Amino acid sequence: MITRLFSFPGGLRLPDHTAPSTGRVLVRAPLPERLIVPLLQHRGDPCEPAVTAGERVRRGSLVGRATGETPPVHAPTSGRVLSVEPCPVPHPAGLRVPAVILEADGEDVWSEDLPPPWQDWETVSPEHLRQRVHEAGVVGLGGAGFPTATKLRAGAKPGIHTLIINGVECEPWISCDQMLMLSRPQDVIEGARILARATGATRLILALEEGRTACLDALRRAMDQGPGITLELAAVPARYPAGGERQLIQTLTGREVPSANLPPDMGFLCQNVATAAAARDAVVLGRPLTSRVVTVTGNAVAAPQNLEARIGTPMHTLIEAAGGYCGTPERLVMGGPMMGFALDSDRLPITKTSNCLLVGDGALFPAEAPAMPCIRCGACAEVCPVRLLPQELYWHARSERPEPARDLGLLDCIDCGACAVVCPSRIPLSQYFRYAKSELQATDRAHVQAEQARRRYLLRQDRLTREQQAQEERRRRKKAALRQPATNRSPDPKAARQAAIQAAVERAKRKKAGAGGDGNDPA
Amino acid sequence: MTVPAFRMAGPPHIAPSGSVPAIMRSVLLALIPGTLAMILIFGWGVLINVLIAVAVALPCEALMLRLRNRPMEPFLQDGSAVVTAVLLALALPPLTPWWMPAVGVALALVLGKHLYGGLGFNPFNPAMVGYAALLVSFPGQMTVWLPPTIGPSGSLGLMDSLHYALSGSLRGGLELDALTQATPLDQIRTGLGLELTVGEIRTEPGFGLLAGAGWQWVNLLFLAGGAWLMHRRVIAWQIPMGVLLGLAVPALVFWTANPDQYAPPLLHLLSGGAMLAAFFIATDPVSAATTPRGRFCFGVGIGVLTWVIRTWGGYPDGIAFGVLLMNMAVPLIDRYTRPRIHGRGKPGPGTGERS
Ligand code: SF4
Ligand code: SF4
């Protein structure tokens, strides 16, 4: 089927730079000796640790319990938990979050209590599919890492009519989605159909960039197989940020999602291709998300390539697997060059949202030149996909009081950085905007704080009920044990505990208004 | 393996695609064909004006930067002072005493630019500030043009032109009046005052096939340079097209209604500084409107005002005043031409404005 395409305003043609990393086949990254598995890999509240130091785990065992909207985290391999402690994670603000430090035993065996595989997922109810996706720890793998189940659930409310599977990697250098589509086309498509069933979407579009002919061929060959609804393939023009959620919806449907709404409010849902594949593994194989494809590239990497890496693998392990450094590596960026952030160390672990490690020298990443005054040339406005006037926003964003910038649409800025790239005065516009946005959001602190208080209250309620239930459970078991001293003393306490937790989590979830996801990440 | 020390920096991690000096260089390059044509047609005086203007502009800029305590290097290298100087020089009559371009450029940079805060902050087009100041102060000097003569030396040799520029008088006791000739726009104005028809005026010497002899070629070559700038996306199409339409449409309407009393559109487009203004002067980004629609309105405004001043005003060419008047309207234009933000309804004027 030919999908009619529309266009979004502005945008920028950027060099592709995926040739070096797509020249090598997708391989499995080596198993590191130690893995650092953060219990928070995206926005939201961290998971509660489900293991303690010394405990043995297998691949897929639960190591972090779901908290609120945050889905659980699983062990990426088998081994022994060394400790659970705050560790630095890849984050623009250099955050430390609690992490499970795991010593791999090298056997890499899967856990035995994985949920059952559902090869016949068409007979499973959408609700169960969503639940499975949540329990498998699937989050948006495109960059923002929004919990997938939350998005699916938000979509279930007003009804999703169109599910868009986003394979548009519009940032230069990144090729992980491309390689995934190339090597596992059936799985991506099956995952897409599973997500369509989970949301009730009646139209399913898989979008990728124009010119990715090998991918297109692979997908075309695979799309007629398997159950589920018809899939449309759409090749969208390679213009940054074509993969941005709102831009992609506009390109595929010609509709703009109102600024005050999220895509699901309008019946659109976007999911990344890697997310679809992860959802497929969760449903069809019963395997939780424990690895992802990472592009390791840049002109300071000897053998750029894509690696299937376990969550928690230290970055330097991946870089060594890609031939190590060459030349003079100066900057390490996680994500693409447009929206990724620089890291100060390659000892950090990769997380569910690490799509790309980009290492370059001074030629690739020239030092920031001193900014000149804005000459009002309008180049920034020409490329802004949101049709903002960055040159006007800038006057306010850099002032003490950025409040007027709100009226000018500052909060609609998607941080794409297109304006900063074309500015002849070398003004780091998007950095100003990011900062000013946080200022504006800080002025709304009263509101935010109220929200946080509410969350804390709910979490505490959760914990109390759970503790109470656990206590009752212990009491009950003790009584039962006293009454029948001869019989087997452990009627599977693990299952009972799990059930109690599950019930509590369910309650918390029901209490919460279904939040939507607007991960504006055109990765 | 040693652990490399990584540098931190904010996104985007990508080399910027343009720079202010690169823009200014392109503008200067695009000015070359038209400038050469002017030298060829109106003589060495044009080149002398340009050289004097540039020679004054650089120390003047440096002095202002020093006084304002600004870093020299980036701002002297940005090339904007040179562009201002060249544009002003090209707008001056070809035979002027040296102090005319010198004073004009000094006024342009000091009054028009640095007193407002330098590059990026001046609400008025600096070159036109300098030009208007000269026109108001020395109206006689500013309106004498040499007749167009095709030839390597023009009507005056290099030494003669230099002598005039430095001393303000011609060698061999020649009177300036003996050499000068009114510009085609002037001829039309005086001719119409004498109750001649446009058709009759155009048979006078000084007119060519399309417009004024010589002038038409100068304008066509500035058009070519401007088209190249548009093609390279150094300038956007809105302002030049606005100016040309603003000039041509009223000319067309009035000329169709009364071809004896009003000059045809093509004559307007290829006379005086029309193309220089449309592609090089009105497109000065700092003092122009900055929204896409606003720029078009800004251009149209300049074109219409130029036509009005040419047709009914007291000055032979209305470009400088058209530009300066529209500069004043820029905050208003920008405010009412904001683009509609993605996912939002019609934009209101909002509160944001440059201050
Ligand atoms: S691109 Fe830079 S110099 Fe040009 S208008 Fe925008 S902010 Fe100003
Ligand atoms: S960073 Fe914001 S202002 Fe700049 S182009 Fe992107 S959306 Fe527009």
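A salt bridge, as I use it here, is a side-chain nitrogen of Lys or Arg within 4 Å of a carboxyl oxygen of Asp or Glu.

**Ground rules**

I'm working on a predicted model, where local features need pLDDT of at least 70, side-chain atom pairs count only at pLDDT 80 or more, and totals for chains, interfaces and linings use all residues. Residues are numbered from 1 along each chain as its sequence is written, chains are lettered from A and ligands numbered from 1 in the order in which they are written, and side-chain values use heavy atoms, with hydrogens and water left out.

Counting contacts (heavy atoms within 4.5 Å), I get 31 residues from domain 1 of chain B and 29 residues from domain 2 of chain B.

Next I looked up buried area, meaning the accessible area (1.4 Å probe) that two parts lose on being put together, summed over both. The two domains of chain B bury about 2,600 Å² between them, with 81% of it on carbon and sulfur atoms. How many salt bridges cross this interface? The rule finds 0 between domain 1 and domain 2 of chain B.

**Chain A against chain B**

Here 67 residues of chain A touch 50 residues of chain B. The pair buries about 5,100 Å², 59% of it on carbon and sulfur atoms. A:Ile375, A:Arg376 and A:Trp395 supply 15% of the area that chain A buries against chain B, more than any other three residues. I count 6 salt bridges between chain A and chain B. One I checked joins B:Arg7 to A:Glu330, with the closest N and O atoms 2.5 Å apart.

**Ligand shells**

A residue goes in a shell if one of its heavy atoms lies within 4 Å of the ligand. Around ligand 1 I find, among others, A:Cys374, A:Ile375, A:Arg376, A:Cys377, A:Cys380 and A:Cys423. By class, that shell has 7 nonpolar, 3 polar and 1 charged residues. For the classes, Ala, Val, Leu, Ile, Met, Phe, Trp, Tyr, Cys and Pro are nonpolar, Asp, Glu, Lys and Arg charged, and the others, Gly among them, polar.

Ligand 2 has 13 residues around it, the closest being A:Cys384, A:Cys413, A:Cys416, A:Gly417 and A:Cys419. They divide into 10 nonpolar, 2 polar and 1 charged.

**Cysteines**

Are A:Cys380 and A:Cys423 buried or exposed? Buried means under 20% relative accessible area, exposed over 50%, partly exposed in between (1.4 Å probe, protein chains only). A:Cys380 is buried at 6%, and A:Cys423 is buried at 8%.
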